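Subject: Structure handover and notes

Hello,

Here is the structure I promised to pass on to you, and below it you will find my notes on what turned up in it. Please keep it open while you read, so that you can follow each point on the screen.

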2 protein chains.
Amino acid sequence: MAEPLRIGLLGRGTVGGAFADLLGSRAAAVEAATGRRPEIAGVLTREAGDFDEILERSDLIVELIGGTEPARDYVARALGAGRPVVTANKQLLAQHGEQLFGLAREAGVQLRFEAAVAGVIPIVRVIQESFGVTEIAKVFGIVNGTTNFILTEMAASGASYEEVLTRAQELGYAEADPTDDVNGADAAAKMAILARLAFHTPVTLDEVSYEGIERIEPDDIAYARELGLSLKLLGVAERREGGVSVRVFPCFLYGGHPLAPVAGPFNAVMVEAPEITEVTMSGPGAGGVQTASAVLGDVVSILSGDAPVHETRERLLIVTDVASSFYLHLAVADRPGVLARVAQVLGDEDVSVKSVVQQGTGEDARLVMVLHECLESRFAAALEAIDALDVLRAPPRAIRVIEEEFV
Amino acid sequence: MAEPLRIGLLGRGTVGGAFADLLGSRAAAVEAATGRRPEIAGVLTREAGDFDEILERSDLIVELIGGTEPARDYVARALGAGRPVVTANKQLLAQHGEQLFGLAREAGVQLRFEAAVAGVIPIVRVIQESFGVTEIAKVFGIVNGTTNFILTEMAASGASYEEVLTRAQELGYAEADPTDDVNGADAAAKMAILARLAFHTPVTLDEVSYEGIERIEPDDIAYARELGLSLKLLGVAERREGGVSVRVFPCFLYGGHPLAPVAGPFNAVMVEAPEITEVTMSGPGAGGVQTASAVLGDVVSILSGDAPVHETRERLLIVTDVASSFYLHLAVADRPGVLARVAQVLGDEDVSVKSVVQQGTGEDARLVMVLHECLESRFAAALEAIDALDVLRAPPRAIRVIEEEFV
C-alpha cells in the first residue's frame with residue numbers, strides 16, 4: 001500500500017476549516033483517484049503549531065492564512081524544502097508571484113492556486129492547461145462577487161450605493177471593511193494573476209490600474225437601463241498594440257453580452273482567442289466550502305503528477321493608454337449653447353459623440369452621452385476641459401461602455 | 001535537445017486539416033511549454049497512407065476519422081502498442097469506451113478526448129481534473145449546436161421546424177443528413193461520455209434515452225413564451241435514487257435559468273455538486289479550428305505528463321423512470337366538460353395540474369397545461385389515456401419543463 005499523503009495545513013479560518021472537513025469526507029475518493037490517502041499532518045494557527053515542525057512532517061503544504069506575511073515566508077520555505085504548495089492567496093501571487101514561481105521551478109515542485117481566482121470556476125486550470133498554447137487575446141470578466149451583488153441590487157431596487165452596501169454586509173456578502181472589494185483592489189490582484197497565466201508574462205498588482213464602484217449613482221444605472229445597458233465591475237486583461245493592458249473598472253454592457261445576465265454574488269470569466277472564439281465560465285464567488293473544493297482539486301492534481309511549473313516565457317510591456325468607449329453624464333445649466341460647448345471640447349480631443357439625450361429641465365437638466373471609442377488619455381483631457389466649463393452644476397461622471405458588437 | 005514529438009494523424013477532413021495547420025503555427029509555443037517540438041510523422045487518409053507504418057514511426061496518435069470502424073480498430077492497436085491517443089470521436093467513446101479505456105489502462109498510456117464533447121468548452125478536463133473527487137450530483141446542458149441554432153431561430157422567427165432546418169443547412173450549421181443531430185443521438189453520445197466521467201461508472205450510448213426536436217411546433221414555442229419559458233434540447237446526467245439517469249430531451253426553461261440565454265450554435269454545460277454549488281461553461285459548438293484547438297490542448301497535456309488514465313470505480317444502475325414536470329398541449333373539442341375529463345385522467349395517475357390556459361375557440365380550441373412533477377411512467381400512462389379520449393382533435397403534445405427554482 002502506498003504511503004499516505006501528509007498535508008501541512010496553514011490557517012484554520014473559514015476556508016481552512018472547510019478544507020479539513022472536505023478532506024475528511026473525500027479521503028476515500030482521493031485515494032481511489034490517486035492511490036494515496038490524504039491526511040492532515042499538522043495545522044498551524046495563530047495560537048498553535050510550529051511551522052518548521054509541520055513542514056518537516058508534511059509532503060505538501062496548503063496555505064490558507066491569507067495576506068502577504070508570514071504567508072510569503074512560509075510558502076517560500078516550503079517550496080525551498082521541495083514541498084509542493086497549494087494556496088488560495090491572491091495577494092501573495094499578485095505581489096510575489098515572480099519569487100514564488102521561481103522557487104517552485106528551482107525546486108521542481110508544483111505551486112497551485114485555483115482557489116485564488118474566481119471562486120469555484122476552474123479558470124486557472126483552463127487557461128494554464130486547456131489553453132496553455134493558445135494565443136489568448138483577452139481574458140475578462142466579473143471576478144468580485146461582493147461588487148456584483150451590490151450593482152445587481154442597486155439596479156433592482158434603485159437604492160443608493162451606501163444603502164446596498166449595508167444590506168450586503170448584513171447578508172455576509174460584504175466584509176465589515178469592504179474597501180479592497182469595492183475599490184477594485186481585490187479584482188486587480190486576480191486580474192494580475194490571470195494576465196500572467198494568459199500571456200505568460202510577469203504582471204504584478206502595482207501594474208494593474210483599477211477603479212471601484214464607490215461613486216456609482218443610482219441614476220447612472222437608471223439612465224443606462226434606458227439605453228439597454230447593465231453595469232458590471234469588469235476586470236480586463238488583453239493584448240494591445242505594444243503589449244498587454246490589465247485593468248479593473250465599472251463598465252456598462254449591452255443587453256446581449258454574455259456577462260450581462262450574471263447577477264448577484266456570482267463570478268464569470270470569458271477567454272477570447274482566434275482559435276477558440278470565446279469560452280465563458282460562471283459560478284458563485286468564493287464561499288468556504290467552494291474555495292476548499294478548489295484547493296482539494298489542486299491537491300489531487302499534485303498527487304496525479306499533473307502539470308509543469310508555471311513559466312513566464314514572455315516579457316510584455318504593460319500598456320496603460322488604451323482605446324475605450326465612454327458614457328458621460330453631465331449636470332448642466334439649462335440654457336442654449338451648452339451642448340455646443342461640450343461638443344466643441346470633445347471635438348478638440350478627437351472624441352466623437354455617438355448618442356446624446358437631454359434629460360430634465362432647470363436645476364435638473366442633464367446631458368447623457370455615449371461616445372465613440374477613443375484613447376483614454378484624450379478622453380481624460382476632454383473630461384478635464386469639460387469640468388472647467390462654467391456650464392456644469394456638478395463634476396462630470398464618466399463610465400466605460402462595451403456596446404453591441406456587430407458580428 | 002529533446003527529441004521531437006512525432007504525431008501520427010488519422011484523417012484529414014475539416015478538423016484534421018485545421019489541426020495540421022494549427023500544429024504548424026503553434027509548434028514553437030508547444031515546444032516552449034513542454035520542451036518538445038511536435039511534428040506530423042504521417043497522415044492516414046482514405047486514399048493514402050498505411051496505418052501500421054504510421055504507427056511505427058509515431059510517438060502519439062491523433063484520431064480524427066470519426067465513426068466507429070476503422071477508428072476503433074486503429075485506436076485499439078495504437079493503445080496496444082503503447083502510444084497515447086487523442087481523439088475527437090464521440091461515437092467511438094460512447095460505444096466502445098470500456099474497451100478503449102481498458103486498453104489504455106493496461107498499456108499505461110493516456111487516451112484523451114476533450115474535443116469529443118461540447119466543442120471548445122473544456123468540460124472533459126474540468127470534470128476529470130478539477131472535479132475529479134467532487135461528488136457531482138448533475139451534469140447537464142446544451143451539447144448540440146445544430147439543434148440550439150434551430151430552436152433559437154424558430155423562437156425568433158416563428159418559422160416551422162422544416163423551414164429553419166433548411167436555413168441551418170444553407171448556413172452550414174446543419175449537415176445534409178441532419179438525422180443524428182435533430183433526433184438527439186449526437187447529444188446522447190456526448191451525455192454518455194459526460195455521465196461516465198462525472199459518476200465514474202460505465203455508461204454506453206444504448207443506455208441513454210433520447211428524444212429530438214423534429215416534432216416541435218412553432219405554437220409550442222409561442223405558448224411557452226407567454227409563460228416566460230424558452231425551449232432547449234437538454235442533455236441531463238444526474239444521480240437519482242438507485243443509480244444515475246442519462247437522458248436527452250427538448251425542455252422548457254424558465255427565463256432566469258442560466259441556460260436560457262444560450263442562443264444560436266452554442267453549447268453550454270452546467271455541473272452541480274453540493275461543494276461547488278454550480279459551474280456553467282459556454283462557448284461555440286464545434287467548428288474546425290475550435291475542435292483542432294481542443295485536440296492540441298490534449299496533445300500538450302500528454303506531453304506535460306498530466307493526468308492518470310480515466311477510471312470507472314463505480315458500477316451504478318441506469319435509472320430510466322424519473323420524476324419530471326411537463327407542459328401539455330391538447331387540441332380539444334370546444335365544449336363543456338372537456339377540462340374535467342382531462343383532469344380526471346391526470347388525477348387517476350396522480351398527476352396534478354399546476355396551471356392551465358384555454359386558448360382559442362371552435363376548431364382552434366386548445367388546453368395548454370403545466371403539470372407538477374411526477375414519475376414519467378405515470379405521465380406516459382396518463383398521456384395514453386388522454387389520447388384515447390374522444391375530445392381530442394389531434395394527438396397530445398408533451399414537453400418537459402424546468403421551472404423556476406425557489407431558492
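Predicted model: local features only at pLDDT ≥ 70, side-chain atom pairs only at ≥ 80, totals over all residues.

How are the two copies placed relative to each other? In general, two copies of a chain are related by a rotation about an axis and a shift along it. Here, a rotation of 180 degrees with 0.0 Å of shift along its axis superposes chain A on chain B, with an RMSD of 0.1 Å, and the two copies are thus related as by a two-fold rotation axis. Moreover, 100% of the interface residues of chain A are also interface residues in chain B, so the copies meet through the same surface.

Turning to chain A on its own, you will see that it is divided into domain 1 (5–116), domain 2 (123–284) and domain 3 (323–402). The C-alpha centres of domain 1 of chain A and domain 2 of chain A lie 28 Å apart, and ten residues of domain 1 of chain A are in contact with ten residues of domain 2 of chain A. The side of domain 1 of chain A that touches domain 2 of chain A has four nonpolar, three polar and three charged residues.

Strand 9 of chain A (residues 243–254) deserves a careful look, since ten of its twelve residues are buried, so it is largely enclosed by the rest of the structure. Which strands pair with it? One of them is strand 8 of chain A (residues 229–240), which pairs with strand 9 of chain A in the antiparallel sense over twelve bridges, with R239(A) standing opposite V244(A). These two strands form a hairpin with two residues between them, and G242(A) in the turn has a positive phi of about 95 degrees. Strand 7 of chain A (residues 209–210) runs parallel to strand 9 of chain A and is joined to it by two bridges, and strand 17 of chain A (residues 397–402) is also parallel to strand 9 of chain A, joined by three bridges, where C251(A) stands opposite R400(A).

Finally, chain B has an open sheet of five strands in the order 2-1-3-4-5, with parallel pairing. Strand 2 (38–44) and strand 5 (111–112) of chain B stand at its edges with a single partner strand each, so one side of each is left without a neighbour in the sheet. Strand 1 of chain B (residues 5–10) runs parallel to strand 2 of chain B, and six bridges join them; G8(B) has G42(B) as its bridge partner in strand 2 of chain B. Helix 1 of chain B (residues 14–34) packs on the sheet, touching strand 1, strand 2 and strand 3 (60–63) of chain B, and its direction makes about 165 degrees with that of strand 2 of chain B.

Best wishes

Methods: Residues numbered from 1 in each chain as written. Chains lettered and ligands numbered in written order. Least-squares fit on C-alpha atoms with pLDDT ≥ 70 in both. Contact = placed C-beta atoms within 7 Å. Domains from an automatic or database assignment. Nonpolar A, V, L, I, M, F, W, Y, C, P; charged D, E, K, R; others polar. Buried ≥ 20, exposed ≤ 12 C-beta atoms within 10 Å, placed from the backbone. Helix = DSSP H or I, 4+ residues; strand = E, 2+ residues; numbered from the N terminus. Pairing = 2+ DSSP bridges. Axes fitted to C-alpha atoms, helices over the stretch in contact; angles between N-to-C directions.
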